[in-house]
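Open the model in your viewer and keep the selection panel at hand. The stops below are given in the order in which to select them.

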Amino acid sequence: MNVDLHSHSTVSDGLLLPVEVAQRAHRNGVQVWALTDHDEVGGLAQAQSEAERLGMQFIPGVEISVTWLNKTVHIVGLGINYQCPELQEALRQVRTGRMPRSEKIAQALANMGIEGALEGASALASNPELVSRTHFARFLIEQGHCSDIQEVFNKYLGEGCPAYVPMQWARLEEAVRWIHEAGGVAVIAHPGRYRFTPLQFDLLFNTFKELGGEGIEVVTGSHEPHQYQEYARVARQYGFEASVGSDFHGIEGRMDLGELPPLPAGLTPIWQRWVEGV
Ligand code: AMP
Ligand code: MN
Ligand code: MN
Ligand code: MN
């Protein structure tokens, strides 16, 4: 079964409208699809109606920005009721941190001789409450400062770089609670991207488990193939259900919708909660 439970639209830092992501997922053969925009559920209603029109099963999702041990961790919520007012208000609060950060990023870039980054990044963002580093990256590429996204994060925007601005996002326990209160399940996104020590990873997985977190992404566009096996072992060891998602943002990304390999053996697919006959 072709399942893709992690993707982005223009409602956050993707390049396609929610309905266009639905159409592309369908064209690529996806049968069960989740839209998971950063800190925002505003695209889900349109995505859902288009997915259903196309005969694709839709799982409403969100990717919440969390700060844990001073690092950013992303928690995906799946199967959420996106009309839940508490969830909507909590995410709105998370988004309010972005504008002050954008101003600081732009100031840091100006100090390096790159002017107009706030205006430039904002102009590339469809959602004024969701200007992300991806939009700054696209601006820097457009202006000829870098040739691709990876280079921008290595030179300017990644942790430890001159225009990196530390953030306090939501707390882990809050993100899990908001997802649960909206009837969803919580999933650790792309664990292979986090720069934690083995002890810190163990603490993250145990803490998440104790908070009632259900799942972990095993196969994701952010993992190298050898990491599929590594996080399959983690899922088995900690008793997490396994998720699969491209983390599609648009054609600039590494992985297209619906192109991921199947889960390694011996895992419980998280989508068996919503899909019959898995
Ligand atoms: P933000 O939430 O504004 O901090 O932006 C985070 C987004 O930047 C992620 O969701 C990715 O889309 C993108 N991103 C972060 N790190 C990298 C990287 N090393 N290479 C490419 N994109 C990245
Ligand atoms: Mn993103
Ligand atoms: Mn992420
Ligand atoms: Mn993502």
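The model is predicted, so local features need pLDDT of at least 70 and side-chain atom pairs count only at pLDDT 80 or more, while totals for chains, interfaces and linings use all residues. Residues are numbered from 1 along each chain as its sequence is written, chains are lettered from A and ligands numbered from 1 in the order in which they are written, and side-chain values use heavy atoms, with hydrogens and water left out.

A salt bridge here is a side-chain nitrogen of Lys or Arg within 4 Å of a carboxyl oxygen of Asp or Glu. By that rule there are 12 salt bridges.

Select R24 and D256 to begin. Their side chains form a salt bridge, 2.7 Å from N to O. R24 belongs to helix 1 (residues 18-27) and D256 to the segment after strand 7 (241-245), 232 residues apart; helices (H or I, at least four residues) and strands (E, at least two) are DSSP runs numbered from the N terminus. R24 is buried at 18% relative accessible area, and D256 is buried at 16%. Buried means under 20%, exposed over 50%, and partly exposed in between (1.4 Å probe, protein chains only).

Next, select E40 and R95. Their closest N and O atoms are 3.6 Å apart, in a salt bridge. E40 lies in the loop between strand 2 (32-35) and helix 2 (44-53) and R95 in helix 3 (residues 85-95), so the pair ties together parts 55 residues apart in sequence. Both E40 and R95 are buried.

Finish at K155 and E151, whose side chains meet in a salt bridge at 2.7 Å, N to O.
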